[in-house]
Amino acid sequence: MKPVAIFRHAATEGPGYFATYLDRNGVTWQVIRIDEGDPIPDDAGRFSGLVFMGGPMSVNDDLPWISPVLNLIRAAADAGIPTLGHCLGGQLMAKALGGAVTRNPVKEIGWGRADVAANEAAARWFGQALTSFDAFHWHGETFSIPPGATCILSSRYCSNQAFALGPHLGMQCHVEMTPELVRAWCRDWEKEVESLARRSPSVQTPAQMTVSLEERTRALNRVADRLYDRWIVGLKRR
């Protein structure tokens with residue numbers, strides 16, 4: 001099988017648990033470090049799937065790599081090559097596939113319940129029994145649902161938390177978290193909240209985010225397993 005390409009947009013926002021999952025399932029992968037200037041591949045067919053991680057930038061920023069990435073996502077969609085997006089990655093997918101990315105009413109940072117939609121697409125990705133789970137959030141923008149896609153997840157502070165379109169899954173929330181990633185992001189917390197005029201209930205403190213951290217991430221990883229199990233079924237075998 002060709003490798004899965006994982007696009008990293010910031011040094012502290014690597015694949016996390018997703019890499020552990022791929023290794024456990026014998027799926028080869030390689031990281032394309034956009035934050036270090038790696039070139040954007042011009043042929044999606046070199047990979048069995050494309051995965052886009054998070055990052056502090058906006059997909060609406062004038063950055064030289066954004067347009068090539070959007071084109072690559074469109075090419076992958078046209079070729080039936082599965083794409084998977086986490087937070088910024090989900091926003092890149094949404095924009096590439098015809099949606100829009102705009103400012104969310106509030107910043108959403110920390111642990112918070114995400115509700116699984118009552119539709120067939122959500123059941124295919126999450127299973128029949130799961131109705132909600134404690135997701136990890138760290139974003140100030142949100143995406144609209146691209147044409148032809150289905151919203152499969154929402155939260156109190158962000159109505160579009162995930163969409164599915166055939167073999168493609170775009171998420172606003174993070175399911176790839178590990179305790180190490182959470183702690184690393186918490187070190188940037190002051191920079192994230194300094195622009196807030198007042199503290200919002202949608203923004204947790206590092207102390208709140210690290211309560212029962214090991215238990216919370218294990219539970220989140222079990223949800224990630226369901227999603228990733230579904231996603232790798234579509235990987236191109238040759």
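User: Where is T83 found, and what makes T83 count as buried?

Analyst: T83 is found in strand β4. Its relative accessible area is 1%, and buried means under 20% (exposed is over 50%, partly exposed in between, with a 1.4 Å probe and protein chains only), so T83 is buried. Keep in mind that this is a predicted model, where local features need pLDDT of at least 70, side-chain atom pairs count only at pLDDT 80 or more, and totals for chains, interfaces and linings use all residues. Residues are numbered from 1 along each chain as its sequence is written, and side-chain values use heavy atoms, leaving out hydrogens and water.

User: Which residues is T83 in contact with?

Analyst: Contact means heavy atoms within 4.5 Å. Leaving aside neighbours within four places in sequence, T83 is in contact with L50, A76, M93, P167, H168, L169 and W231.

User: And V69: how do you know whether it is buried or exposed?

Analyst: V69 sits in helix α2. Its relative accessibility is 0%, so V69 counts as buried. Not counting residues up to four places away in sequence, V69 touches I34, I40, F52 and L92.

User: What makes a stretch a helix or a strand here?

Analyst: Both are DSSP runs, numbered from the N terminus: helices are H or I with at least four residues, strands are E with at least two. Helix α1, for example, covers residues 17-24.

User: Why are α1 and α8 called oblique?

Analyst: Helix α1 and helix α8 (residues 213-233) pack at an angle of about 55 degrees, with axes 11 Å apart. Axes are lines fitted to C-alpha atoms, for helices over the stretch in contact, and angles run from 0 to 180 degrees between N-to-C directions. Under 35 degrees is roughly parallel, over 145 roughly antiparallel, 65 to 115 roughly perpendicular, and the rest oblique. The two helices are therefore oblique to each other. Their crossing is right-handed.

User: Which residues make that contact?

Analyst: From α1 come Y17, F18, Y21, L22 and R24, and from α8 come N221, A224, D225, Y228, D229, W231 and I232. They divide into eight nonpolar, one polar and three charged.

User: Which residues of α1 are buried, and what do they pack against?

Analyst: Y17, F18, A19, Y21 and L22 are buried. They pack against β1, β2, β3, β4 and α8.

User: Why are β2 and β6 said to stand at the edges of the sheet?

Analyst: Nine strands form an open sheet in the order β2-β1-β3-β4-β9-β8-β7-β5-β6, with mixed pairing. Both β2 (29-33) and β6 (132-143) have a single partner strand, so one side of each is left without a neighbour in the sheet. From one strand to the next, the twist averages 20 degrees.

User: How do you know which strands pair?

Analyst: Two strands pair if DSSP finds at least two bridges between them. Strand β1 (residues 4-8) and strand β3 (residues 49-52) have four bridges, in the parallel sense, and F7 stands opposite F52 in β3. Strand β5 (residues 101-116) is joined to β6 by eleven bridges and they run antiparallel; here R113 stands opposite D134 in β6. Three bridges join β5 to strand β7 (residues 150-155), also antiparallel.

User: Where does helix α2 lie?

Analyst: Helix α2 (residues 66-79) lies across β1, β3, β4 and β9 (168-171), at about 145 degrees to β3.

Methods: Left-handed = near helix turned anticlockwise from the far one by under 90°. Nonpolar A, V, L, I, M, F, W, Y, C, P; charged D, E, K, R; others polar.
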